[in-house]
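The structure is shown first.

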Amino acid sequence: MSEENKFGLPNSSPVLPVRLELDDTLKFRCHRGISCWNECCSHADVTITPYDIIRLKKNLGMDSSTFLKEHTVPFELDAHGVPGLKLRTNEEGACLFMNEEGCSIYADRPTTCRYYPSGLLAMKSVTESNDERHFLLVKEEHCKGHNEDKIQTIAQYRKEQAVEEYDDYNDEWYRLILKKKSTGPAIGKPSEMSLQMFFMASYDMDRFRRFVMSDSFIKTYDLNDDEYASLETDDIALMQFGFRLMKQVFFGEMSIKEREGAWEERIKERKEILEYRKQAEIIEHQRKQEEARKASLDSGKKDT
Ligand code: SF4
Ligand code: SF4
């Protein structure tokens, strides 16, 4: 296979060396009575997306920071250290959401789980709002769903799994990762600050919300009251705003109005802070020198 799975969705082997399109057929059925029930979730490798987190944290009734701490493990999406997250498993590799009945959060299961046994092979923007997708097929020894008689097209399977809604919300983020990957080598390793911004806006939305509602953010960006009201209460609006802000910060794609003179003001403030820190360091250095001088004088008096 010449193309690789660019999103890690899902990336388990063995992946069949075929490229599937929406009208290609898939012979597969997963159901409660099948002999391999829960086998896939017993060794789960589930990469998660921003929209997955919105659904999961709501399902579990927790904020994003608690969800990240309790249910995810970090990994790197690329060689430049762009942060990715996977669902945490137990020591045997089983998903923490798996129970006897199957998936305890089924209605809000992540994108990767909805795609299985297909995966996203490649995505190409045809127009700004239209993407061309190609899929791969994962055929694992333990999965007996492929021996069932049900035949449907990839498009029908995606509809049945309600994956289209997930793709609609995640597409902007996939494009951002692809762009960050493709510009990466040209601009070198992203700064620590840009990686932190990516992590917060992509995954830790409740913390990102506090950042967006902070005085320093409001002093920098010119949003109206309705926009702030929706960012304060609507997770989807906040996620989409995060994508825009990242594009603005990383690639200079300006879509959020900055207040006139705000950046100059911030640079001035920053200069003042740096100057203040420098002064504090000089004073501390002088204090230590004075202490050392006194100590040396004291020890000289004792010797005489
Ligand atoms: S989230 Fe649900 S479907 Fe996905 S691996 Fe875990 S138990 Fe399985
Ligand atoms: S058929 Fe495949 S996807 Fe369904 S439970 Fe079995 S291993 Fe999992």
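The text below takes up the ligand shells, then the core, then the helix.

The model is predicted, and the two ligand shells can be set side by side by residue class.

Around ligand 1 stand Cys41, Ala44, Val46, Cys95, Phe97, Met98, Cys103, Ile105, Arg109, Pro110 and Cys113. The residues around ligand 2 include the cysteines Cys30, Cys36, Cys40 and Cys143, and among the others are Trp37, Glu39, Tyr116, His142 and Lys144.

Val46 and Cys95, both found around ligand 1, also belong to the largest nonpolar core, which holds 39 residues and in which Val46, Ile53, Cys95 and Phe208 touch the most other members. Helix α11 gives this core its largest share, 5 residues. Because domain 1 (3-178) and domain 2 (190-251) both contribute residues, the core lies between them. Leaving aside residues up to four places away in sequence, Val46 is in contact with Lys86, Leu87, Cys95, Pro110, Thr112 and Cys113.

Phe208, another of the core residues that touch the most other members, sits in helix α8 (residues 205-212), where Met205, Phe208, Arg209 and Val212 are buried. These residues lie on the same side of α8, because the arc they cover around the axis is only 105°. The elements that cover the buried residues of α8 include α2 (50-60), α3 (64-71), α7 (192-202), α9 (215-220), α10 (225-233) and α11 (235-251).

Methods. Residues are numbered from 1 along each chain as its sequence is written. Chains are lettered from A and ligands numbered from 1 in the order in which they are written. This is a predicted model: local features need pLDDT of at least 70, side-chain atom pairs count only at pLDDT 80 or more; totals for chains, interfaces and linings use all residues. A residue is near a molecule or strand if its C-beta atom, placed from the backbone, lies within 6 Å of it. A residue is buried if 20 or more other C-beta atoms lie within 10 Å of its own, exposed if 12 or fewer, and partly exposed in between; C-beta atoms are placed from the backbone. Helices (H or I, at least four residues) and strands (E, at least two) are DSSP runs, numbered from the N terminus. The arc is that of the directions from the helix axis to the C-beta atoms. Two residues are in contact if their C-beta atoms, placed from the backbone, lie within 7 Å. A nonpolar core is a set of buried Ala, Val, Leu, Ile, Met, Phe, Trp, Tyr and Cys residues joined through C-beta atoms within 7 Å. Domain bounds come from an automatic or database domain assignment.
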